[in-house]
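Good morning, colleagues. I would like to take a few minutes to present the pockets and the backbone geometry of one model. Please keep the structure in view as I speak.

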Amino acid sequence: MSDNTGKEIWKPGNMLYPIPAVMVSCGRDGEKPNIITVAWAGNVCSSPAMLSISVRKERYSYDILKESGEFVVNLTNRELMKATDWCGVRSGRDYDKFKEMGLTPQKSQMVKAPGILESPVNIECRTKQILELGSHDMFVAEVLCVTVDNKYMDEKKRFDLRAADLIAYSHGEYFTLGEKIGKFGISVAKKPLNSNNNSDKKPRKGGKNHGKNQRNSSRIQHS
């Protein structure tokens, strides 16, 4: 059905795209660790740091997640795309996913569940609440620890997440993130000084405008 705006009207559905495609690792004592690929995942709180994943009850990992109360969210990139997809279409009932995909269990710092060594970022989580929503149950969890691959540290010792070449999921397809087109606060940032106003000249030491331009150009208002 369509209306006079040129838009088609559809029934309710999951159209919030793109979203992260993450591999969630989990495990129980005496059993091989498992990996489940999750697209229904996201941040839910900053302080304390919390996130959520949503999992169907019939998935093999569901009972592991519920009984253990912990898991690791592993971010995925171009190199992990095939493993990410495979771990989402094969069951841990039938396969050792770490072994099949040549992935390395990484000892976690705060939880028993291992992370994935090949992942650029490992987020260790402990479940705080499980919400029964319908087709999926949402595991709301507190972030206990984050580990990052130091090969993505830049020359200033800052973690360069763009260099990790992360992937996103959109309506059944995987994409890399593409080019950077802006940054947070760009819409309210002070405009750069005109290039022909001698702004490249250093102000006289002690002058009343000394350092003023530098402070103003970096000030951003947050709503």
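Predicted model: local features only at pLDDT ≥ 70, side-chain atom pairs only at ≥ 80, totals over all residues.

Let me begin with strand β4, which gives the most to the lining of the largest pocket, with three residues.

How much space lies in the largest pocket? The value is about 440 Å³. Its lining comprises 19 residues, and those nearest the centre are Pro20, Val22, Asn43, Leu75 and Ile123.

I turn now to the second largest pocket, which holds about 360 Å³ of space. This pocket is lined by 17 residues, with Thr37, Val38, Ala39, Trp40 and Arg59 closest to its centre. Which element provides the largest share of this lining? That element is α2, with four residues. Helix α2 spans 81-89, and at least two lining residues each come from this helix, from β3 at 34-38 and from β5 at 50-55. By class, the lining of the second largest pocket has nine nonpolar, five polar and three charged residues.

Next, the backbone. One runs from Tyr17 to Pro18, with omega near -5 degrees, and Pro18 belongs to the segment before β1. Another joins Ser47 to Pro48, with omega near 0 degrees; Pro48 sits in the loop between β4 and β5.

Asp165 has a phi of about 60 degrees and is located in the loop between β10, residues 137-148, and β11. For His171, phi is near 50 degrees, again positive in a residue other than glycine. His171 is in the loop between β11 and β12, the latter covering 173-176.

Are these two side chains to be classed as exposed or partly exposed? Asp165 has a relative accessible area of 27%, and is therefore partly exposed. His171, by contrast, reaches 55% and is exposed, because the class of exposed residues begins over 50%.

That concludes my presentation, and I thank you for your attention.

Conventions
Residues numbered from 1 in each chain as written. Heavy atoms only, no water. 1 Å grid on protein atoms, 1.4 Å probe; cavity = no way out; pocket = protein on both sides within 12 Å on 5 of 7 lines; lining within 4 Å. Points joined across faces, edges and corners; volume = space filled by probe spheres on them. Nonpolar A, V, L, I, M, F, W, Y, C, P; charged D, E, K, R; others polar. Buried < 20%, exposed > 50% of the residue type's maximum accessible area, 1.4 Å probe, protein only.
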